[in-house]
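Q: I am new to this structure and would like a close look at one part of it. Could you take me through a single strand and its partners, and then show me how the rest of the chain surrounds them?

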Amino acid sequence: MVPYGSQSMVQPLKNVLVKRPEEAFQNQAHIDAEWQSLGFLSRPDFNCAVDEHRKFTSLLEVAGAQVSYLAGDGRTGLDSLYTHDPVASVTSQGVILGRMGKTNRMKEPQTQKDWYIDSGIPIAGWIESPGTVEGGDVVWLKENLVVIGLTYRTNSEGIRQFQSLMKPCGVDVISVPMVHWEGSGAVLHLMSIISMLDSDLAVVYERLLPIPFRSMLFALGIDLIYVPDSEYDSLGCNVLAVKPRHVIVRSGNPITVKRMRAAGCVVGEFSGDHICYAGSGGPTCLTRPVYRASR
């Protein structure tokens with residue numbers, strides 16, 4: 001059985017589930033047929049995407065993570081590259097499967113469910129219609145405290161169900177209503193504006209931080225590193241912690257990287273034009289943490 005449990009965004013990442021472009025994108029013809037209808041910002045190049053993803057997974061392995069690969073089965077599309085979203089969370093009790101707010105991605109939780117069952121990891125619950133929860137809206141601040149964005153991809157009924165599933169575990173779930181921003185067709189997850197770097201440090205895009213949530217972070221003693229306007233669209237706020245203050249970010253965000261290093265972070269960078277920017281998904285979106293070990 002694969003070890004599991006990831007009620008943290010920063011503890012050492014030991015096992016992580018990804019999906020290669022070879023399975024998600026399949027080939028250039030498949031990309032050409034789908035990328036515009038799925039709302040990608042640019043047309044990925046298949047060969048470049050494969051190369052970028054290999055370099056990204058090598059950074060995960062160097063950091064000590066075992067990388068597991070989700071197989072392709074013909075039921076999902078380009079977006080399935082972003083393995084974080086179909087699962088609301090992997091808790092110490094098992095997997096909480098999400099329900100996607102994007103119609104084209106509705107089959108993704110089921111394909112991930114098959115992998116978890118095959119790996120001997122229990123399914124502790126799932127979000128049912130009419131609820132929706134995408135993993136990109138779920139941010140663990142402490143082992144017993146998780147915040148969840150109320151967005152166009154995660155609705156109030158989904159949050160209610162998630163709260164019910166977490167209550168027996170002694171976990172507090174706090175809803176964070178988000179702004180309209182660029183509308184329902186754009187991706188604005190809670191994790192679009194915050195990434196935890198350590199238990200007491202986060203990188204944020206302050207312009208989009210809801211005031212009550214910002215106040216909560218300060219009350220919890222969490223220091224903030226601010227992403228400049230010029231690096232928000234380049235995914236400067238989408239940072240994956242592989243262990244406390246050891247992080248991975250898409251290259252092209254020099255100001256944010258400088259600020260993280262000044263705060264004592266070790267920063268790994270990779271080119272992500274075709275696997276990150278094109279589909280509006282950074283290193284956190286490319287990964288579903290399965291197991292994070294205690295320090």
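**Strand E1 and its surroundings**

A: Strand E1 pairs with strand E2 (residues 66-69) in the parallel sense, over 4 bridges; two strands pair if DSSP finds at least two bridges between them. Helices (H or I, at least four residues) and strands (E, at least two) are DSSP runs, numbered from the N terminus. Before going on, please keep in mind that this is a predicted model, where local features need pLDDT of at least 70, side-chain atom pairs count only at pLDDT 80 or more, and totals for chains, interfaces and linings use all residues. Residues are numbered from 1 along each chain as its sequence is written, and side-chain values use heavy atoms, with hydrogens and water left out.

Back to the pairing: Leu-17 has Ser-68 as its bridge partner in E2. E1 also pairs with strand E15 (residues 288-292), this time antiparallel, through 4 bridges. There, Leu-13 stands opposite Arg-292 of E15. Strand E1 spans residues 13-18, and because 5 of its 6 residues are buried, the rest of the structure largely encloses it. Buried means under 20% relative accessible area, exposed over 50%, and partly exposed in between (1.4 Å probe, protein chains only).

Now let us step out to the whole chain. It has 8 helices and 15 strands. Its radius of gyration is 17 Å, close to the 19 Å that the globule rule gives for 295 residues, so the chain is as compact as a globular protein of that length. That radius is taken over C-alpha atoms, and the rule is 2.2 Å times the number of residues to the power 0.38. Of the 295 residues, 57% count as buried. Among contacts (heavy atoms within 4.5 Å) between residues at least 6 apart in sequence, 70% join residues at least 24 apart.

In helix H5 (residues 156-166), the buried residues are Gly-158, Ile-159, Gln-161, Phe-162 and Met-166. They lie on the same side of H5, because they cover an arc of only 160° around the axis; the arc is that of the directions from the helix axis to the C-beta atoms. Among the elements covering them are strand E3 (87-91), strand E4 (94-97) and strand E8 (172-177).

Helix H6 (residues 211-219) has Phe-213, Met-216 and Leu-217 as its buried residues. These line one face of the helix, since they fall within an arc of 100° seen down the axis of H6. They pack against E6, E7, E8, strand E9 (194-198) and strand E11 (223-226). The face turned away from this buried side carries the exposed residues Ile-211, Pro-212 and Ala-219. Just after H6, Gly-221 takes a positive phi of about 75°.

Finally, a word on the cysteines. The structure holds 0 disulfides, a disulfide being a pair of cysteine sulfur atoms within 2.5 Å. Cys-237 is in none, and the nearest cysteine sulfur, that of Cys-285, is 11 Å away. Cys-237 is buried, with a relative accessible area of 1%. Cys-265 is buried as well, at 6%, and its sulfur is 13 Å from the closest cysteine sulfur, in Cys-237, too far for a bond.
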